[in-house]
Amino acid sequence: MTSDEQGRADALDRLIDVAAGGKAGGDLDPLIALAAEFRRALAPAPASGAVRARVLARVMNRVAASQAAPRLGWRTILRPAYALAGLLLVLTLTFGATAAYASEAALPGDALYGVKRGLEDVQLVLSTTAAGDSALVEHFADRRLDEIEALTGRGRWEDAERALQAYPEVVDELLAVSQADAVDSQAARLAHHLEVLLRVAEKTPAEAQPALLRALERADRGRQEVERRRQDPKPIPPGQRDAEDDSDRGPRKTPPGQERKDQGGD
Amino acid sequence: MSEKPIDADLVARARAGDGEAFGELYRRYFDPIFRYLSVRVERAEDAEDLAETVFLKAYRSLDRYHERGWPFSAFLYQVARNALVDHYRKRPRESDLAEAVELSTAPRALDDELVRTERIREMRQAMAGLPPDYQEVIRLRVMLSLPTATTAQWMERSPGAVRVLLYRALTALRTRLTERDEDQ
């Protein structure tokens with residue numbers, strides 16, 4: 001190697017990063033242009049958030065599979081029973097608005113959590129439009145995510161695991177009430193959910209990893225479904241879900257708010 | 001203002017079972033490792049599977065990793081190269097990536113697309129005829145746009161040696177492409 005070659009190599013190394021157009025006005029131009037052409041044509045795209053989430057989930061799942069002892073209670077009840085709206089009204093009237101207000105901060109497993117979910121049902125009952133239902137379900141979906149994050153932050157793993165197990169249904173409901181003009185916000189919402197679940201994955205112990213993996217996969221499939229709708233915005237009949245989404249689950253209940261409208265015929 | 005923890009601290013914490021520390025390492029290095037794997041294999045799903053293998057092996061090998069001037073990203077790169085060797089052993093290279101590149105871009109006029117596809121094929125063939133270290137420095141420094149310092153750490157060479165290697169690699173590549181053009 002000559003000092004001339006080293007000098008040209010140093011200059012080239014510097015210029016291929018700064019001469020974006022492939023020209024620097026010297027005899028190194030052909031090499032700079034070649035590097036620029038290769039970079040334009042062959043540089044791989046960055047990994048999408050979904051790929052990052054999926055691979056991490058698979059890694060953590062395999063780590064969990066190799067570490068975790070067989071567990072009991074895997075098929076415990078997926079979510080607490082909702083308080084009926086009428087019962088909730090009675091409860092609110094009986095114990096006053098304080099309990100209802102305090103329940104806002106309740107997490108799954110807390111005494112007042114049933115009140116919180118019951119109040120949500122009441123709000124859905126009181127909503128009279130599909131757009132109103134959609135906005136509420138989106139708000140409640142974000143709440144479920146916040147609850148998962150709060151539970152993992154507090155180390156309440158059993159409650160967190162139950163919340164994660166229930167999460168796929170949250171995505172189902174979100175997609176079922178999705179409005180045609182809200183695909184962008186839905187896509188952004190689910191991308192955010194994936195990010196949060198990815199953060200949660202870093203703290204989640206082995207026993208909750210299968211539930212986390214399912215939650216991640218459902219959020220990712222939901223995001224893909226929204227992307228498909230964005231490209232092919234045909235109307236989705238109320239309550240009708242993608243056959244692909246149904247392939248790995250049994251029958252599910254009609255989403256809150258939808259049932260009322262379908263049955264009522266309005 | 002809090003500074004980002006250095007890799008060695010994160011590795012030590014991850015080794016002690018801190019999942020959050022491993023998550024931070026994953027966030028830092030998933031992209032360059034995944035993109036490197038993407039330029040080395042034919043199919044996107046293979047890159048994803050290999051990335052899973054790399055980070056799983058890295059997680060399980062944390063006890064055996066000692067920094068000693070060898071950055072964690074270079075350790076991951078080495079694991080990735082080993083994973084690629086296994087991958088190619090099981091599945092010999094079939095074709096170049098022209099089709100994948102073609103599919104990944106926006107629709108263009110057919111003539112433009114054919115010309116572009118043919119050019120990419122020529123570029124890949126010219127690349128394939130270079131010595132392995134020439135190919136590697138072009139992948140890392142040009143296709144992945146990695147800084148010279150990182151490329152040097154990954155290839156276990158000095159930055160000066162990497163600069164000379166890149167100069168020679170691009171010169172050889174240009175010669176091959178020019179000869180090909182003259183033959184046609």
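Contact here means heavy atoms within 4.5 Å. By this criterion, in a model that is predicted, the contact between the two chains takes 43 residues from chain B and 38 residues from chain A. The size of an interface is often given as the accessible area lost when the parts come together. Chain B and chain A bury about 4000 Å² between them, and carbon and sulfur atoms account for 62% of that area. On the side of chain B, the residues that lose the most area to chain A are B:Glu48, B:Glu52 and B:Tyr167, which together make up 17% of what that side buries.

Polar and charged pairs across the interface were then examined. There are 15 residue pairs in polar contact between chain B and chain A, counting pairs in which both residues have a pLDDT of 80 or more. Five helices of chain B each supply at least two residues of the side that touches chain A, namely helix H2 (19–40), helix H3 (44–60), helix H6 (110–128), helix H7 (132–143) and helix H9 (159–183). By class, this side of chain B has 22 nonpolar, seven polar and 14 charged residues.

Side chains of opposite charge can pair when their charged atoms come close. Over all chains the count comes to 31 salt bridges, and five salt bridges are found across the interface of chain B and chain A. B:Arg168, in turn, is partly exposed, with a relative accessible area of 30%.

A salt bridge also links A:Asp17 and B:Arg141, whose side chains meet at 2.5 Å, N to O. A:Asp17 lies in helix H1 of chain A and B:Arg141 in helix H7 of chain B, so this pair too joins two chains. The two partners fall into separate accessibility classes: A:Asp17 is partly exposed, with a relative accessible area of 42%, whereas B:Arg141 is buried, with a relative accessible area of 1%. Both residues belong to a network of salt bridges that links A:Asp13, A:Asp17, A:Arg39 and B:Arg141. A further salt bridge is formed by A:Asp10 with B:Arg163, where the closest N and O atoms are 2.7 Å apart.

Within chain B, the side chains of B:Arg89 and B:Asp86 meet in a salt bridge with an N to O distance of 3.2 Å. Both residues lie in helix H4 (residues 72–90) of chain B, and they are three residues apart, about one turn of the helix. B:Arg89 counts as exposed because its relative accessibility is 63%, over the 50% limit for that class. B:Asp86 counts as partly exposed at 27% relative accessibility.

In chain A, two glutamates of helix H10 were considered. A:Glu225 is found in helix H10 (residues 209–231) of chain A and counts as buried, at 7% relative accessibility. The side chain of A:Glu225 makes a polar contact with the side chain of A:Arg228 at 2.8 Å. A:Glu227 also lies in helix H10 of chain A, but is partly exposed, with a relative accessible area of 22%. A:Glu227 and A:Ala187 are 40 residues apart in sequence, while their C-alpha atoms are 6.8 Å apart in space.

The mean pLDDT of chain A is 72, with 69% of its residues at 70 or more. Confidence in chain A is highest in helix H2 (residues 29–42) of chain A, at a mean of 90, and lowest in helix H12 (residues 258–264) of chain A, at 39. The pLDDT is below 50 over residues 69–88 of chain A, a stretch that has 28 contacts in the model beyond near neighbours in sequence. Residues 236–266 of chain A likewise have a pLDDT below 50, and this stretch has 46 contacts in the model beyond near neighbours in sequence.

Definitions and conventions:
Residues are numbered from 1 along each chain as its sequence is written. Chains are lettered from A and ligands numbered from 1 in the order in which they are written. Side-chain values use heavy atoms; hydrogens and water are left out. Buried area is the accessible area (1.4 Å probe) that two parts lose on being put together, summed over both. A salt bridge is a side-chain nitrogen of Lys or Arg within 4 Å of a carboxyl oxygen of Asp or Glu. A polar contact is a pair of N or O atoms within 3.5 Å; within protein, one must be able to donate a hydrogen and the other to accept it, and residues adjacent in sequence count only if both atoms are side-chain atoms. Helices (H or I, at least four residues) and strands (E, at least two) are DSSP runs, numbered from the N terminus. Ala, Val, Leu, Ile, Met, Phe, Trp, Tyr, Cys and Pro count as nonpolar, Asp, Glu, Lys and Arg as charged, and the others, Gly among them, as polar. Buried means under 20% relative accessible area, exposed over 50%, partly exposed in between (1.4 Å probe, protein chains only). pLDDT is the predictor's confidence in each residue, from 0 to 100.
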